[in-house]
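Dear colleague,

I am passing on the structure we spoke about, and below it you will find an account of what turned up when I went through it. Please keep the structure open while you read.

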Amino acid sequence: HYTFADFDRSLLLWMRMDDVNASGDPTDLSSWSNNGSKGDNAVQNTSGYFNASFRFDGNGDSINIATLPDFVATQNYTYAAWIYPIKSIKQEIISQANFPVGTGFGFDLNASNSLSFSKYLDTTETVVVGSIESVPLAQWSFVLATYVNGNVTLYINGASNGNGAST
């Protein structure tokens, strides 16, 4: 197992997928309680990398979280997730955007199994950076996107795998 102490309350969301409320929705273990609600056919199961996980069949399944109140998109941040892709299709990993019209970002796995980090403005998607290598199918991978001083860097299993400037 693992633990985390959020000494300065800078962690805005931490979902282990083990912890759910009475409705089966995942709960946030950060100091902020930004709990989620599962959408469509998202199902918790016991086959996660550490313990439990959620399965998404690719047909609109999601975990929805309200806009994080203390998130500032122009400050430095990191998004991280354990993923287990089983087919090669475009899939959102983490996004914060108002669809179909609005602004935000998307951290995605595209149809060739490479990562991308995109910005959205109205209905236009602009890819900021794509990974050099692909994420393997049918195995757990730890993926990250960091935003530091306007530069986005992607990581697959701890190895840097592409970067680009976000203007």
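**What was found**

Asn113 is found in the loop between β7 and β8, and the model in which it sits is a predicted one. The phi angle of Asn113 is near 70°, which is a positive value in a residue other than glycine. Most residues other than glycine have a negative phi. Asn113 counts as buried because its relative accessible area is 8%, and buried means under 20%.

Asp40 is placed in the loop between β1 (36–39) and β2 (43–45). With a relative accessibility of 58%, Asp40 counts as exposed, because the cut-off for that word is over 50%.

**The nonpolar core**

The largest nonpolar core is made of 21 residues, and those with the most contacts inside it are Phe107, Leu115, Phe117, Val135, Val143, Val152 and Leu154. Two or more residues of this core are given by each of β5, β7 (103–109), β8 (114–121), β9 (124–134), β10 and β11 (151–156). The largest share, four residues, comes from β5.

Which residues does Leu115 touch, if its neighbours within four places in sequence are left aside? Its contacts are Ile93, Phe107, Asp108, Leu109, Val129, Gly130, Ser131, Val135, Val143, Leu154, Tyr155 and Ile156.

**Ser141 and Trp82**

Ser141 lies in strand β10, which covers residues 141–148, and it is buried, with a relative accessible area of 0%. Leaving aside neighbours within four places in sequence, Ser141 is in contact with Ala81, Trp82, Ile83, Val135, Pro136 and Asn157.

Trp82, one of those contacts of Ser141, belongs to strand β5, which covers residues 77–83. At 33% relative accessibility, Trp82 counts as partly exposed, and together with Tyr49 and Phe50 it makes a nonpolar surface patch of about 310 Å².

**Salt bridges**

How many salt bridges does the structure hold? There are four of them. Side chains of opposite charge can pair when their charged atoms come close.

Lys90 takes part in a salt bridge with Asp108, side chain to side chain, at 3.4 Å from N to O. This pair links distant parts of the chain, with Lys90 in the loop between β5 and β6 and Asp108 in strand β7, 18 residues apart. Lys90 is partly exposed, at a relative accessible area of 46%, whereas Asp108 is buried, at 0%.

The side chain of Lys90 also meets that of Glu125 in a salt bridge, at 3.2 Å from N to O. Because Glu125 lies in strand β9 and Lys90 in the loop between β5 and β6, this pair ties together parts that are 35 residues apart in sequence. Glu125 is partly exposed, with a relative accessible area of 36%.

Elsewhere, Arg16, Asp18 and Asp19 are linked in a network of salt bridges.

**Glu92**

Glu92 has its place in strand β6, which covers residues 91–97, and at 39% relative accessibility it counts as partly exposed. When residues up to four places away in sequence are not counted, Glu92 touches Gly106, Phe107, Asp108 and Tyr120. One of these, Tyr120, has a side chain that makes a polar contact with the side chain of Glu92, at 3.3 Å. Asp108, which Glu92 also touches, is the residue that forms a salt bridge with Lys90.

How far is Glu92 from Asp25, in sequence and in space? The two are 67 residues apart in sequence and 19 Å apart in space, C-alpha to C-alpha.

With best wishes

Definitions and conventions:
Residues numbered from 1 in each chain as written. Predicted model: local features only at pLDDT ≥ 70, side-chain atom pairs only at ≥ 80, totals over all residues. Heavy atoms only, no water. Patch = residues over 30% accessible without salt bridge, like charges linked within 9 Å, V, L, I, M, F, W, Y side chains within 5 Å. Areas by Shrake-Rupley, 256 points an atom, 1.4 Å probe, with all protein chains shown as cover. Salt bridge = Lys/Arg side-chain N within 4 Å of Asp/Glu carboxyl O. Buried < 20%, exposed > 50% of the residue type's maximum accessible area, 1.4 Å probe, protein only. Contact = heavy atoms within 4.5 Å. Polar contact = N/O pair within 3.5 Å; in protein donor to acceptor, adjacent residues only side chain to side chain. Core = buried A, V, L, I, M, F, W, Y, C linked by side-chain atoms within 4.5 Å.
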